[in-house]
Amino acid sequence: MPTTIIRSKVKYKKISDDDGYIDAQFRKPPPKVPWKALMLAVFLFSVGTLLLVFGSLLFTGYFDVKYADRTYPLLILGSLMFIPGFYHVRIAYYAWKGYRGYSFEDIPDFD
């Protein structure tokens with residue numbers, strides 16, 4: 001039997017491993033810093049601290065007794081300002097230092 005080679009018109013092509021995606025598509029861009037929210041957090045933290053200090057001084061009697069009726073409003077308002085201010089300043093500090101699990105994306109932005 002004679003050996004004949006049959007030539008086919010089908011052209012074969014190597015399948016590439018490239019599926020059209022690059023690694024850079026799946027990397028997260030660095031988060032932008034929400035400056036307005038950070039300034040608000042610093043403001044709340046600072047004013048809340050001052051109100052808590054003055055309220056504590058009124059409560060302990062360091063200031064004159066005639067101002068005693070202003071003690072509880074200062075303590076309540078100071079607490080309402082201090083707690084969220086401290087919380088967001090702490091998150092911003094940890095994100096700035098690069099601690100794992102903290103990011104500027106955790107702070108709500110007002111833009």
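A residue is called partly exposed when its relative accessible area lies between the limit for buried, under 20%, and the limit for exposed, over 50%. The legends below describe a predicted model.

**View 1. The salt bridge between Asp109 and Lys32.** In this structure, which holds one salt bridge, the side chains of Asp109 and Lys32 meet at 3.9 Å, taken from N to O. The pair links distant parts of the chain, since Asp109 lies in the segment after helix H2 (71–97) while Lys32 lies in the segment before helix H1 (35–60), 77 residues apart. Side chains of opposite charge can pair when their charged atoms come close.

**View 2. The aromatic pair of Tyr93 and Tyr94.** A search of the whole structure finds eight aromatic pairs, and one of them joins Tyr93 and Tyr94 in a tilted arrangement, with 5.9 Å from centre to centre and 50° between the planes. Tyr93 is partly exposed at 41% relative accessibility, and Tyr94 is partly exposed as well, at 26%.

**View 3. The aromatic pair of Tyr94 and Tyr99.** Tyr94 also pairs with Tyr99, and here the rings are edge-to-face, with 5.0 Å from centre to centre and 70° between the planes. The relative accessible area of Tyr99 is 43%, so this residue counts as partly exposed.

**View 4. The aromatic cluster.** Tyr93, Tyr94 and Tyr99 belong, together with Trp96 and Tyr102, to one aromatic cluster.

How values were computed. Residues numbered from 1 in each chain as written. Predicted model: local features only at pLDDT ≥ 70, side-chain atom pairs only at ≥ 80, totals over all residues. Heavy atoms only, no water. Phe/Tyr/Trp six-rings, centres within 6.5 Å; stacked < 30°, edge-to-face > 60°. Buried < 20%, exposed > 50% of the residue type's maximum accessible area, 1.4 Å probe, protein only. Salt bridge = Lys/Arg side-chain N within 4 Å of Asp/Glu carboxyl O. Helix = DSSP H or I, 4+ residues; strand = E, 2+ residues; numbered from the N terminus.
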